[in-house]
Amino acid sequence: MFPHYDIIIVGAGHAGCEAAAAAANLGSRVLLVTMNMQTIAQMSCNPAMGGIAKGQIVREIDALGGYSGIVSDKSLIQFRMLNKSKGPAMWSPRTQNDRMLFASLWREMLEQTPNVDFYQDMVQSIIVKNNRACGVVTGLGHHIHSKAVVVTSGTFLNGVIHIGEKRFGGGRVAEKAATGITEQLVSLGFESDRLKTGTPPRVDGRSLDYTLMEEQKGDEEIVGFSYLDIPKPSVQRSCWITYTDQRVHDILKTGFDRSPMYTGRIEGVGPRYCPSIEDKISRFAQRDRHQLFIEPEGWNTVEIYVNGFSTSLPEEVQYEALRNIKGFEHVRIFRPGYAIEYDYFPPTQLTHSLETKIIKHLFFAGQINGTTGYEEAACQGIMAGINAHQAIQGLEPFILKRSEAYIGVLIDDLISKGTEEPYRMFTSRAEFRTLLRQDNADLRLTEKSFRLGLASKERYERTLIKAKEVEQIKSLLSEYSIEPLESTDYLISRNSAPLTQKQKALQVLLRPNIDLASMRTDITSIGQLLQPYSPQTLEQAEIQVKYNTYIEKEKDLVERMSQLEELLIPEHFEYDRLSSLSTEALQKFKKIKPRTLGQASRISGVNPSDVQILMVYMGR
């Protein structure tokens with residue numbers, strides 16, 4: 001019934017979809033196994049992509065040739081570039097998306113991808129022979145064989161849903177949990193644990209009074225995620241902002257004695273940076289209100305996502321609290337909020353390629369590794385798909401360094417430090433964030449992916465043209481001089497002192513409040529020279545000019561740090577022979593088996609002296 005596949009992907013969420021697309025586009029024959037063909041790439045929580053640091057990840061996925069950026073741009077109903085008041089290293093794109101359109105576009109793109117087959121069934125176990133993954137066994141009893149398996153199980157492994165005192169199995173509301181995989185892997189020597197996440201109520205937008213809320217419109221310029229030319233909508237849908245107050249908090253507290261979080265029924269640790277509303281009012285008792293974002297779920301639906309009101313309190317408490325929020329006085333609920341507990345496998349059990357250390361050709365990606373968020377899952381998916389293909393072809397794994405991508409930071413954090421709570425990416429996690437901006441992901445990653453065989457020739461040629469034009473603009477700015485007379489009005493309008501003599505355009509650009517877009521518009525001569533270039537290319541050149549000092553400093557730091565990254569630790573290094581190591585360092589080194597001294601230095605609990613001991617011993 002089934003042919004022999006190269007790679008089987010277990011689960012069709014954001015990680016599974018990217019893994020399937022990447023492996024198939026590299027030439028592997030892929031089977032994507034999902035429990036429900038109607039929920040491929042479903043946005044299980046908020047109808048949005050990107051945000052702080054997450055937007056950088058989506059652009060990196062796109063630069064590598066993944067699909068998330070394209071699908072997000074085609075299904076967006078609103079676009080905003082967050083943190084524009086800060087430096088470009090902090091700028092983060094974010095889209096509100098049409099939930100149903102997003103999923104249907106993902107499925108359509110996968111169906112149009114050669115080498116991807118689909119099958120609807122639950123995977124109960126992995127076929128393992130000689131410590132190598134060789135396929136899967138499904139709930140219907142099918143043995144499907146492959147050369148590698150990528151598990152992207154999301155919240156489905158022994159998932160349990162909580163609403164107040166109600167408790168029932170499920171991987172998402174109205175969808176059954178997946179069983180069997182955890183038990184098998186634990187029997188093979190894997191360590192597993194439990195995590196928790198949650199989602200807010202969905203409400204009827206027709207029952208809300210938006211005149212009592214603050215409107216949040218999208219940006220006038222829709223930049224989007226993809227470096228390809230994706231048509232942008234001519235109109236956008238607004239989001240809205242409202243707040244809880246003390247009355248709402250008091251109502252919520254009446255349900256605490258029936259909350260699974262406070263009665264001990266939930267054992268898994270929840271996300272620190274996306275807490276439930278009951279957790280917020282408990283942990284931040286000094287705050288008398290909390291902000292809520294009222295987000296439409298699509299172009300042609302009245303369903304609304306109440307961002308900031310994640311909860312597992314009893315339904316009647318949720319309803320009564322919502323009715324006391326400004327604008328929600330007559331609210332009708334489509335679906336209550338709930339919490340979900342699920343199994344995950346601490347990611348220190350993986351290598352940097354996301355292959356498990358115990359079973360060869362078995363890869364994990366997404367929430368099974370302890371992460372939270374579509375973007376974190378998707379980037380692991382594309383890397384696992386790439387590396388599963390590389391592994392079965394006998395090729396070197398594709399690994400991104402911390403200095404090359406947020407994806408590299410995320411995976412290195414997981415592998416080196418592990419996580420005991422749902423991991424979320426932030427710009428502060430990246431020590432080289434001046435280099436890892438959202439605007440230059442193509443310049444950083446597309447050539448690497450093209451050489452690998454994933455990014456298309458079209459993408460690669462676009463990147464080459466962009467890099468060439470950026471250098472042309474920088475050269476033009478350094479050579480062309482601006483006359484005082486033609487620039488006086490412009491500089492005064494920008495609160496900048498007029499020129500007293502000719503000055504290079506580069507020096508003028510370095511002034512505060514000056515940017516290339518306005519120079520092109522308001523200084524005729526420079527405008528004519530810059531006319532051929534796109535706004536994105538001008539922005540890239542401007543960033544490289546204005547932040548050159550910081551960029552060069554960070555490059556120097558990368559160079560110095562790379563010395564540790566290049567010092568490889570032998571795979572079977574005998575740490576027990578190092579009697580001077582601290583007990584904790586010895587335990588962590590033996591468990592994690594770091595690839596390099598750089599990775600060893602980032603393991604939590606390892607001191608600089610432990611790294612020095614290791615370095616000296618290796619030197620011998």
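This is a predicted model: local features need pLDDT of at least 70, side-chain atom pairs count only at pLDDT 80 or more; totals for chains, interfaces and linings use all residues.

Which residue is the bridge partner of Ile9 in β2?

Modeller: The bridge partner of Ile9 in β2 is Leu32. That pair belongs to the contact between strand β1, residues 5-10, and β2, where four bridges join two strands that run parallel. Strands of a sheet pair through backbone hydrogen bonds, in either a parallel or an antiparallel manner.

Strand β2 itself covers residues 30-34 and is mostly covered, five of its five residues being buried. Val30, Leu32 and Thr34 point one way from β2, while Leu31 and Val33 point the other way. Such an arrangement may be set beside the general rule that in a regular strand the side chains alternate between the two faces of the sheet.

An antiparallel counterpart is found elsewhere. Strand β13 (residues 202-204) is joined by three bridges to strand β17 (residues 303-307), and the two run antiparallel. Here Arg202 has Tyr305 in β17 as its bridge partner. Both strands belong to an open sheet of six strands, ordered β14-β15-β16-β17-β13-β18 with antiparallel pairing. Its edge strands, β14 (214-216) and β18 (333-335), each pair on one side only. From one strand to the next, the twist averages 35°.

Turning to the helices, α2 (residues 54-64) packs against α10 (residues 374-392) at an angle of about 25°, the axes lying 9 Å apart. Because angles under 35 degrees count as roughly parallel, α2 is roughly parallel to α10. The crossing of α2 past α10 is left-handed. On the α2 side, the contact involves Lys54, Ile57, Val58, Ile61 and Leu64; on the α10 side, Glu375, Glu376, Ala378, Cys379, Ile382 and Met383. By class, this contact has eight nonpolar, no polar and three charged residues.

Helices α3 (residues 68-75) and α4 (residues 99-111) also pack with their axes 9 Å apart, at an angle of about 135°. That angle makes α3 oblique to α4. Their crossing is right-handed. Ser68, Ile70, Val71, Ser72, Lys74 and Ser75 in α3 meet Leu101, Phe102, Leu105, Trp106 and Met109 in α4. This contact is made up of seven nonpolar, three polar and one charged residues.

Note on methods. Residues are numbered from 1 along each chain as its sequence is written. Side-chain values use heavy atoms; hydrogens and water are left out. Axes are lines fitted to C-alpha atoms, for helices over the stretch in contact, and angles run from 0 to 180 degrees between N-to-C directions. Angles under 35 degrees count as roughly parallel, over 145 as roughly antiparallel, 65 to 115 as roughly perpendicular and the rest as oblique. A crossing is left-handed if the near helix is turned anticlockwise from the far one by less than a right angle, and right-handed if clockwise. Contact means heavy atoms within 4.5 Å. Ala, Val, Leu, Ile, Met, Phe, Trp, Tyr, Cys and Pro count as nonpolar, Asp, Glu, Lys and Arg as charged, and the others, Gly among them, as polar. Two strands pair if DSSP finds at least two bridges between them. Buried means under 20% relative accessible area, exposed over 50%, partly exposed in between (1.4 Å probe, protein chains only).
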